[in-house]
Amino acid sequence: MKLLYGVQGTGNGHIARARIMAAALAERDDISVDFVFTGRAPEKYFDMDVFGQYRTYTGLSFITKSGRVDKWSTVKEANIRQLNKDIKAFDTRDYDLLVNDFEPVTAWAAKKQGLPSISISHQAAFAYNVPKSGNTIFDSLLMKMFAPTDLQLGVHWYHFNQPIIPPFVAEKPIRSSGNGHVLVYLPFEDIEDIQQMLEPLSDQVFECFHPNIDEAKEVGHIHWHPTSKKHFQKALQHASGVIANGGFELSSEALQLGKKLLIKPLHGQFEQLSNVLTLSQLDLCQTLFQLDTDIVEEWLEAPENEAIAFPDNPNVLIDWLKNKDFSDTQSLCDALWKNVQYGDKTQERLLALAI
């Protein structure tokens, strides 16, 4: 079986999910795969060895300004002519199936050329009855038309009795008391604004990763780092807590590790607002709607989260893809959710919310 795998490259979360799939697929000799990434300049990708000879295209990405999605700039700066050119030129004839994680070039090419396709993404979960916040008609149309596929298989922290699977998370808790630092990853915020928010909290060390940082530097108790998978994961493992935007993958890794979360959702991004709604309902995060020193100071005193054990081996999913019985999502979902272990308090919240 030969897979085409399209990945939205704008955020690191999509790539992190694809890394787990790529590592599992590399261990098998019954399936080959070609990866395609769009939404980011080619030189901005990092730690991509696991994907082999991957391809990149311009695709579509969201423009953000000061922690907010600028929908007008996103539409105005979208290179639709190049997108259409790439879609028309993309040849899908050598493939048996497209697996898509919110990536438009391969999705539309597969649709136009009749290649069977399936979305496996967090975005696909919003095609179903799951908690939503801030969604507009624009958002609904975007989710439907951005990267259309034949089947949507959502990924979320709970199944909500829908065709949804849990995230695969490779990171496991390590035996360490940690060094007490807080991990900060707010890539859509201005560096100066983050610095200003954290500066008064001089008793706390903050390890801050940001795509606009070129080399590591220390400004008192605030340590700045360029994006790096290896260094980021080490900082996450030893952190006492995480301050981040409302992206799905980092929140999933933090939940698996039992790290407390302070989430600042990207304004105008209904997916992140919806993530905060779900986490808040389960009492698994506190929310930061604007950069506020007082809220951070209060959150620093909060207790740790209960860890949630998510599966780390996607071979059950890969076998399901190979069998091509896509009408049967229930057996796949059942097989994966039985491996998820919630803490007692989270389980009680799920029961109390009847979700």
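**View 1. Phe102 in the loop between β4 and α4.** Phe102 sits in the loop that links strand β4 (97–101) to helix α4 (104–113). Helices (H or I, at least four residues) and strands (E, at least two) are DSSP runs, numbered from the N terminus. The phi angle of Phe102 is near 60 degrees, a positive value in a residue other than glycine. Phe102 is buried, at 7% relative accessibility. Buried means under 20% relative accessible area, exposed means over 50%, and partly exposed lies in between (1.4 Å probe, protein chains only). This is a predicted model: local features need pLDDT of at least 70, side-chain atom pairs count only at pLDDT 80 or more, and totals for chains, interfaces and linings use all residues. Residues are numbered from 1 along each chain as its sequence is written, and side-chain values use heavy atoms, with hydrogens and water left out.

**View 2. Lys324 in the loop between α12 and α13.** Lys324 lies in the loop between these two helices. Its phi is positive, about 65 degrees, although Lys324 is not a glycine. Lys324 is partly exposed, with a relative accessible area of 45%.

**View 3. The buried side of helix α13.** Helix α13 covers residues 330–337, and its residues Leu332, Cys333, Leu336 and Trp337 are buried. These residues cover an arc of only 115 degrees around the axis, which puts them on the same side of α13. The arc is that of the directions from the helix axis to the C-beta atoms. What covers the buried residues of α13? The cover includes β6 (151–155), β7 (164–165) and α12 (315–323). Contact here means heavy atoms within 4.5 Å.

**View 4. A salt bridge between Glu249 and Arg17.** The side chains of Glu249 and Arg17 meet in a salt bridge, 3.5 Å from N to O. Glu249 lies in helix α9 (residues 248–257) and Arg17 in helix α1 (residues 12–26), so the pair ties together parts that are 232 residues apart in sequence. A salt bridge is a side-chain nitrogen of Lys or Arg within 4 Å of a carboxyl oxygen of Asp or Glu. Glu249 is buried, with a relative accessible area of 4%. Arg17 is buried too, at 12% relative accessibility. The structure holds 8 salt bridges.

**View 5. A salt bridge between Arg93 and Asp91.** The side chains of Arg93 and Asp91 form a salt bridge of 2.8 Å, N to O. Are these residues buried or exposed? Arg93 counts as exposed, at 71% relative accessibility. Asp91 is partly exposed, with a relative accessible area of 36%.

View 6. Salt bridges that share partners join Arg28, Asp30, Asp319 and Lys322 into one network. Within it, Asp30 forms a salt bridge with Arg28, and the closest N and O atoms are 2.8 Å apart. Asp30 is partly exposed, with a relative accessible area of 24%. Arg28 is buried, with a relative accessible area of 18%.

View 7. How many disulfides does the structure hold? The count comes to 0 disulfides. A disulfide is a pair of cysteine sulfur atoms within 2.5 Å. The sulfur of Cys208 is 19 Å from the closest cysteine sulfur, in Cys285, too far for a bond. Cys285 is in no disulfide either. Cys208 is buried, with a relative accessible area of 1%. Cys285 also counts as buried, at 10% relative accessibility.
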